[in-house]
Amino acid sequence: MKVDEIFLLNNVWIIVCFALVLLMQGGFILLEAGSTRMKNAGHIAGKTIFTVGIASLVFWAVGYGFIYGEGNAFIGMSDFFYGDFDSVVDGLAGSVDFMFQLAFAAIALTIAFGGFAERAKLSAYIVFAILFSALIYPVVAHWIWGDGWLAGLGKQDFAGSTVVHLTGAMAALAATIILKPRIGKYNKDGSSNDLAGHNQVYTALGVLILWVGWFGFNGGSTLEVDGAFFGYVALTTQLAAAAGAIAAMLIVSMITGKADVPTMLNGALAGLVAITASTAFVAPWAAVIIGLIAGFIVHFSMVFFDRAKIDDPIFALSVHGVAGIWGTLSTGFFATTALAEMNGGSAGLFYGGGFTQLGVQFIGVSVSGIYAFVVAFVILKVMDKVMGGIRVTEEEEIVGLDLSEHGSYGYPENIKESNDKIEKPGA
Amino acid sequence: MYSNKNSFKEIDEEFKTYEELRKWRDEQIHGVSKNHEELNRFHDEIMTKVILSSIKKLESEQGKPPARFAFIVMGSAGRCEQSIWSDQDHGFIFEGEEAAKDYFLKLGEEIVEGLSICGYEKCEGKVMANNPLWCRSCKQWKEQIDQWLDEESWESLRNTSIFIDARVLIGNKEFLQNKKQQIFTRLEDQPHLLKRMGDNVESSKKSVGWFGQLIPVQKGKNKGMINFKETVLFPFVNALRLSAYLEQIEEPSTIGRFQALENCSFLENDALSAFKEALQFRLSKTKVSQNYDNVHFLEVERLSKQDKTQIKKWIDQGDSLMKQVMKQLKNKGREEGSQ
């Protein structure tokens, strides 16, 4: 039997991309740990690993089936407990496709947990990981990537600005509203304090790992090597990330007089999140514009949430939410005729497509965002009632989740002294 | 201004303790804080009373001061630019041998405590008379100044600039004059040091953004505020200090330096009035402040549009003054170099 070389190469490429996307969790570990305080570092790193575990099992049991199973415009209803060795889906081995999709589901969950940072109970992570992976992410993914109603409208979301990033961010928004700000974030007079992350080097390295992983995320979303279109996707991805970093650094310097490092890092991520939807639809110059705008708005968004008293330690709402919305809308402006023909949907406003595609993008991003927020809010409210609160006690929060939830510090030597001081009153 | 009528006897009769003096200060301060000059005369009066009390106290324990001396004040006190709250910056120059040092250090200790009780915060940088670095005999000061200017480090040049803002509050004025002349002579021989001192203060903090907005502090307890002293006043202060080096002016106050330089072509005519207005503005905005921590800070959002425009104008004037002085320094350096 002659080996189908393209089939083989497609599968090798996608399984490599699966590994790249899974490695993005390492980026999140560094990004989140670096953006938060030392006393929560072990917790925030460790929870990422076990929630990837939960996301994987839930995705295998029901997630994949809800997204890609045969069903209706709202949800798929077959292929639960997925897996065999000989099925073929869209020119890929079924298992390869499954693994690649699983990694995306896990990323969406990790983004959602940005809203939990430094104050949620470990048990809340576990329960929400199950419910988000079963009831929130798969539904939106089915609408846009499965056989859902938004796919039917021709919604363009190449690698998931809406499906992955906005869905995760809207759950994070619900969580951060219900959990309320961290102790010490806001003063009685309403002014806010900067609870600075403990390691900007971690945060920067986290961003770089995410950036590299994004070539799997966007590049792999071609789902094939034919025509080597992944090269073009990589090109637009790189340009948007670069423009995002520069734009954020520029705007924060112009407004505050200081080239704030966390803002610049968020600019790079915002560029990446924004180009995720549009990467396969837009010209390189448009990718630069999309990245620049993402970098600008991420700064204003960070300031907005801070003033609105929505405590967002990892900036998930700005980076994944606001930039996700912008990225989704951006194809409605910039999608070229040729690329839309090739990858679905129609040309954007600037390419003679009128408002049709922009309208579809707007409906898609609005309904998906509202769905993710409302369902996450209801789930978390119910959890809050049933579980006797989803936030740790004040004492536990002050001591830090490393010690209160896990019994040991991420940095035992460095925290010993303050730890002693905290423990004394109770001793 | 402190007058000789404050004899030790009168001090004793008026105020038995530093606490009583503090009480008097608190009662009087708001009355005198309408006018910048009046306020600084009042500060001088309080500080003088504290020092005379301290001397009297130590006299009763250890006898009279063992040598003639000058008690010098530096920083904003030296420049007569104190706000309603101020910290301590002072030292001793005394005559004679090292043996007297212990006495003056002890006196310094007493003064520091006395001033602290009377509302003057201790200097974080320890520029105080109880620190051996700032409590020296005339001979030691001479060596110290030479060493600072030989060392040419950022810190030693900064100390020189602190010292050049000194004025004698009590004691022998000649002691300080001699030291200032020593600095001027040294700088004539080493004009490149002036350029370095200029470079160190030239880049004031970026206080106006690209959109012409005032940039407040971004983080911490003074978030949303501008440091008026650093952003508005310091460019004037630094420019005039550099001019004082250049023209060998002993006068420590910025206004006094302006006046001494009246005929200097490189100073803009309206810079002096801008500086005076800015001092008065600070006083009017901060006279209700409760402590030294926030006396230099103004909340940007509470400033009127007119205030903001005025502040930006002062910042512009300060910057352009600084540029003119730097140009002058460079010219001087070139002249020296070509000789």
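Predicted model: local features only at pLDDT ≥ 70, side-chain atom pairs only at ≥ 80, totals over all residues.
How many positive and how many negative side chains does chain A have, and how far apart do the centres of the two sets lie? Chain A has 20 positive and 32 negative side chains, and 15 Å separates the centres of the two sets.

**Chain A as a whole**

- In chain A the secondary structure consists of 16 helices and 2 strands, and the radius of gyration is 21 Å, close to the 22 Å that the globule rule gives for 427 residues, so chain A is as compact as a globular protein of that length.
- Taken along the principal axes, the C-alpha atoms of chain A fill a box of roughly 70 × 50 × 35 Å.
- Of the 427 residues in chain A, 56% are buried, and among the contacts between residues at least 6 apart in sequence, 76% join residues that are at least 24 apart.
- The accessible surface of chain A comes to about 16400 Å², and carbon and sulfur atoms account for 69% of that area.

**Chain B as a whole**

- Chain B contains 13 helices and 6 strands, and its radius of gyration of 21 Å is close to the 20 Å that the globule rule gives for 339 residues, so chain B is as compact as a globular protein of that length.
- The C-alpha trace of chain B spans about 60 × 55 × 35 Å along its principal axes, and 53% of the 339 residues of chain B count as buried.
- When contacts in chain B with a separation of 6 or more are considered, residues 24 or more positions apart account for 73% of them.
- Chain B exposes about 16100 Å², with 47% of this area supplied by carbon and sulfur atoms.

- The domain assignment divides chain B into domain 1, covering residues 8-189, and domain 2, covering residues 194-338.
- The centres of domain 1 and domain 2 of chain B, taken over C-alpha atoms, are separated by 25 Å, while 36 residues of domain 1 are in contact with 31 residues of domain 2.

**A buried glutamine in chain A**

- A:Q357 belongs to helix α13 of chain A, which covers residues 356-386, and A:Q357 counts as buried because its relative accessibility is 2%, under the 20% cut-off.
- Once neighbours within four places in sequence are left aside, the residues in contact with A:Q357 are A:G154, A:K155, A:Q156, A:G332, A:G345, A:S346 and A:A347.

**Two loop residues of chain B with positive phi**

- Most residues other than glycine have a negative phi, which is the background for the next two points.
- B:E152 has a phi near 55°, a positive value in a residue other than glycine; B:E152 sits in the loop between α6 (138-151) and α7 (154-164) of chain B, and with 23% relative accessibility it counts as partly exposed.
- B:Q248 likewise has a positive phi, near 55°, although it is a residue other than glycine; the place of B:Q248 is in the loop between α10 (228-247) and α11 (254-260) of chain B, and at 30% relative accessibility B:Q248 counts as partly exposed.

Methods. Residues numbered from 1 in each chain as written. Chains lettered and ligands numbered in written order. Heavy atoms only, no water. Helix = DSSP H or I, 4+ residues; strand = E, 2+ residues; numbered from the N terminus. Rg over C-alpha atoms; globule rule 2.2 N^0.38 Å. Buried < 20%, exposed > 50% of the residue type's maximum accessible area, 1.4 Å probe, protein only. Contact = heavy atoms within 4.5 Å. Areas by Shrake-Rupley, 256 points an atom, 1.4 Å probe, with all protein chains shown as cover. Domains from an automatic or database assignment. Lys, Arg positive; Asp, Glu negative; His and termini not counted. Charge placed at Lys NZ, Arg CZ, Asp CG, Glu CD.
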